[in-house]
Amino acid sequence: MQEGDLMKIGIIGAGNIGGNLTRRLTSLGHDVSVANSRGPQTLTELAEETGATPVRVEDAARGAEVVVVTVPVKAVRNLPSGLLDSAAEGVAVIDTGNYYPKQRDGRIDAIEDEGLTESRWTERQIGHPVIKAFNGTFAQDLLDRARPEGSTDRMALPVAGDDEAAKRKVMALIGEMGFDTVDAGGLDDSWRQQPGTPVYGLRADSKGVIEALAAAAPERGSEYRG
């Protein structure tokens with residue numbers, strides 16, 4: 001994808017991150033469909049504000065070149081099977097999720113016992129490679145901290161994933177949104193940006209993000225263990 005190319009984008013989840021991604025991406029001219037677990041009739045206000053199309057979760061990926069999964073980790077298992085069957089060929093799937101066992105999600109054995117990264121677990125549930133991005137970004141920053149390329153105060157976001165073509169597509173989209181990106185490695189390296197790591201919630205440039213990723217420790221803190 002080159003900057004300026006308009007795409008069909010499906011967003012599954014209309015909470016803080018999903019809602020503000022809808023706002024930012026529609027403002028750039030992308031064709032955005034948005035879904036939540038409560039049905040399209042609950043998204044009328046967001047649709048009227050942004051011009052996005054409210055749809056059922058089952059239809060969110062239809063024809064989409066990028067799909068954003070931004071639901072609580074515990075809800076990933078409840079997503080419809082075959083969710084991505086109707087997506088465009090080569091669809092890039094972004095996972096924004098974070099695992100909060102004590103605060104929200106309950107214990108997920110495969111993450112705790114097998115040592116899977118959160119996004120690797122999500123990838124297994126939906127049966128499609130994912131790119132981890134936006135998980136440590138404050139939702140309001142998506143609207144307030146976008147800056148033109150080359151700005152001295154432009155934030156950088158870490159992006160991890162195994163599918164290099166999908167990763168490039170996602171990084172180009174984030175660049176268009178007004179943020180720099182740092183390639184944080186493959187999905188098995190994405191523990192470096194999970195909750196409790198130095199880069200999580202960090203507002204910094206590329207150099208700061210690279211340093212924070214390098215400083216991460218693989219042990220999950222007790223606050224983030226079930």
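This is a predicted model: local features need pLDDT of at least 70, side-chain atom pairs count only at pLDDT 80 or more; totals for chains, interfaces and linings use all residues.
Colleague: How many helices and strands does the protein chain have?
Modeller: Helices (H or I, at least four residues) and strands (E, at least two) are DSSP runs, numbered from the N terminus. By that count the protein chain has 9 helices and 8 strands.

Colleague: What is the radius of gyration of the protein chain, and what would a compact globule have?
Modeller: The radius is taken over C-alpha atoms, and the globule rule is 2.2 Å times the number of residues to the power 0.38. The C-alpha trace spans about 45 × 40 × 30 Å along its principal axes. For 226 residues a compact globule would be near 17 Å; the protein chain agrees with this, at 16 Å.

Colleague: What share of contacts between residues at least 6 apart in sequence joins residues at least 24 apart?
Modeller: A contact means heavy atoms within 4.5 Å. Among contacts in the protein chain between residues at least 6 apart, the share joining residues at least 24 apart is 68%.

Colleague: How far apart are the mean positions of the positive and negative charges?
Modeller: Lys and Arg count as positive and Asp and Glu as negative, without His and the chain ends. Each charge is placed at NZ of Lys, CZ of Arg, CG of Asp or CD of Glu. For the 25 positive and 35 negative charges of the protein chain, the mean positions are separated by 4 Å.

Colleague: Which residue forms a salt bridge with Asp-141, and is Asp-141 buried or exposed?
Modeller: A salt bridge is a side-chain nitrogen of Lys or Arg within 4 Å of a carboxyl oxygen of Asp or Glu. Buried means under 20% relative accessible area, exposed over 50%, and partly exposed in between (1.4 Å probe, protein chains only). Asp-141, in helix α7 (residues 141-144), has a relative accessible area of 4% and is therefore buried. Its partner, with closest N and O atoms 3.2 Å apart, is Arg-145, which at 32% is partly exposed.

Colleague: Where do Glu-164 and Lys-167 lie, and which of them is buried?
Modeller: Glu-164 and Lys-167 form a salt bridge with closest N and O atoms 3.8 Å apart. Both lie in helix α8 (residues 164-177), 3 residues apart, about one turn of the helix. An α-helix has 3.6 residues a turn, so residues three or four places apart point the same way. Glu-164 is partly exposed at 41%, and the buried one, at 1%, is Lys-167.

Colleague: Which residues are linked with Arg-120 in a network of salt bridges?
Modeller: The whole structure has 20 salt bridges. The residues linked with Arg-120 in the network are Glu-123, Asp-162 and Asp-188.

Terms used
Residues are numbered from 1 along each chain as its sequence is written. Side-chain values use heavy atoms; hydrogens and water are left out.
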